[in-house]
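Subject: Structure handover

Hello,

Here is the structure I promised to pass on. Please load it first, then read my notes below.

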Amino acid sequence: MSTTAEWTNPLVERLVRRHRGKDPRGIIEDFAAQCLDEAKQTSLPINVDLIASLRGIRRRVADHPFAGRIYADDNGQLIMDLRADDPEVRQRFTCAHEVTHTAFPGFVRETRYRVDTAVGVNQNLRDEEEYLCDYGAAALLMPKHLVADEYSIATGLRDVERLARDADVSLEAAANRLITLADEPAVLLVFRWGHKPADRPSLRRGEEVPERLRVRYCVARNLRLFLPKYKSADDDSVFVRALESPRVQRSVEPLPGGSTPFQVEAKQYPWWDERRVIAVATPIPSSN
Amino acid sequence: MGNRWVPLGVQPLPALNSIGMAADATRIGPRLRAERTRAGLSHARLAQLTGLSKTYLVRLETDPASNPSLEVLHRIADALDITVADLIGAPQTQFEPDDATIPPSLRAFADQAKLSQREIRTLASIRWRKGEEPQTEERWRFILDSLRASRQLDEHNG
């Protein structure tokens, strides 16, 4: 999803046509900037509830099986349903995501469900509208003009943690935003402890298959590399050490499945009942 | 998600008349009074719910020159279960129907169940991730029923 020509969702195509061929991410950034300007949100954390309310969206929090949805009731009132069980940072991101749906053509009286998957910009997401709404949520909660000069992915996880705290977002959302805004090459990796899909037949047969720390997704900026999804981390890697320690773990070592060493910072990142690790890797500066 | 109000007076907050949108600040007082009355709240009760003073709320309703901040309006709107847009009379975006995008399975269900145009549009407007689009009339019926049930819950609780 790096160039305009790759967008194929009809709704995204209509959005692009409406804005005379502009890249949809730029359109979404402009939409976020307009929302922030209207609501006079000039510092972190952004009051995303106020933005929603100012746009005529009524927020309701209840026991839902989905993270969030937005729809128009019989009177045309926009209603945003959010799941009560979600942590506040998750609800804030979902709220911003749902607000971003209103940037698309023909939304106002539409009903949309946000299917519960990952927070943040997942490079493997195929649904372009969902991707752009996550992108817009990040742009709303972490505006470029408040973030780009103040926080940098080049510091590893330090600024990721600082931004997460200041913007009241999850570590994963903060890391995704800094990767998106980065000028320097960097990689965000998110791992999850568990099985890979290929283990399922064995598990169904009742066989014991050990769980491993596996790549859930990665996002690279200014780098060309490929990390297979579900690739497991070596037991003696910085990623597995991070899983066992509350502190940030640092190392110079290759990424899973690779041979080129990177500077890596990794930290455990519990998410619901999942054991996760978040890591930022940057190339080793050339000695030349 | 708890509301985190900024203490008044700590920092200057943007006032309504600085909002770059079509809102009529002089109409806020009558709207506020009408919505407060509709909600059955006294000034004292609304003051309690919002953390604002009763005197200030009375002034907002009666003084066209009062210039409340968006944060103040948000507190009030939340307490009244309306939006800031309702309170300031911001324009509502209109629905843009696109009949060409109605999938065949929905069209078949709509014909069979004699759905209203509004129901068809609502269902047609749902955006699905790839592979999750309903393929059968039964699934569309389930979705419509769930929306109706959700609405009835709101009405029951309201």
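**A buried threonine**

B:Thr50 is buried, at a relative accessible area of 4%. The cut-off for buried is under 20%, so B:Thr50 qualifies at 4%. Please keep in mind that this is a predicted model.

Where does B:Thr50 lie? The residue belongs to helix α2 of chain B, which covers residues 43–50. A polar atom of the B:Thr50 side chain lies 3.2 Å from the backbone nitrogen of B:Leu52. What else does B:Thr50 touch, leaving aside neighbours within four places in sequence? Its contacts are then B:Leu57, B:Arg75, B:Ile76 and B:Ala79.

**How α2(B) meets α4(B)**

Helix α4 of chain B spans residues 70–80. Its axis and that of α2(B) come within 9 Å. They cross at roughly 115°. Angles of 65 to 115 count as roughly perpendicular, and α2(B) and α4(B) are therefore described that way. The crossing of α2(B) past α4(B) is right-handed.

On the α2(B) side, the contact is made by B:Leu46, B:Leu49 and B:Thr50. On the α4(B) side, B:Arg75, B:Ile76, B:Ala79 and B:Leu80 take part. By class, that contact has 5 nonpolar, 1 polar and 1 charged residues.

How many residues of α4(B) are buried? The count is 9 of the 11, so the helix is largely enclosed by the rest of the structure. Among the buried ones are B:Glu71, B:His74 and B:Arg75. B:Leu70, B:Val72, B:Leu73, B:Ile76, B:Ala77 and B:Leu80 are buried too.

Both chains supply partners. From chain A, α2 and α3 (48–54) pack against the buried residues of α4(B). From chain B, the partners are α1 (28–38), α2, α3 (54–62) and α5 (84–88). After α4(B) comes B:Asp81, with a positive phi near 60°.

**A helix pair in chain A**

Helix α1 of chain A covers residues 10–18, and helix α2 of chain A covers residues 24–38. Their axes come within 10 Å and cross at roughly 70°. That makes α1(A) roughly perpendicular to α2(A).

Which residues meet there? A:Val12, A:Leu15 and A:Val16 come from α1(A), and A:Pro24, A:Ile27 and A:Ile28 from α2(A). By class, this contact has 6 nonpolar, no polar and no charged residues.

Best wishes

Conventions
Residues are numbered from 1 along each chain as its sequence is written. Chains are lettered from A and ligands numbered from 1 in the order in which they are written. This is a predicted model: local features need pLDDT of at least 70, side-chain atom pairs count only at pLDDT 80 or more; totals for chains, interfaces and linings use all residues. Side-chain values use heavy atoms; hydrogens and water are left out. Axes are lines fitted to C-alpha atoms, for helices over the stretch in contact, and angles run from 0 to 180 degrees between N-to-C directions. Helices (H or I, at least four residues) and strands (E, at least two) are DSSP runs, numbered from the N terminus. Angles under 35 degrees count as roughly parallel, over 145 as roughly antiparallel, 65 to 115 as roughly perpendicular and the rest as oblique. Contact means heavy atoms within 4.5 Å. Ala, Val, Leu, Ile, Met, Phe, Trp, Tyr, Cys and Pro count as nonpolar, Asp, Glu, Lys and Arg as charged, and the others, Gly among them, as polar. Buried means under 20% relative accessible area, exposed over 50%, partly exposed in between (1.4 Å probe, protein chains only). A polar contact is a pair of N or O atoms within 3.5 Å; within protein, one must be able to donate a hydrogen and the other to accept it, and residues adjacent in sequence count only if both atoms are side-chain atoms. A crossing is left-handed if the near helix is turned anticlockwise from the far one by less than a right angle, and right-handed if clockwise.
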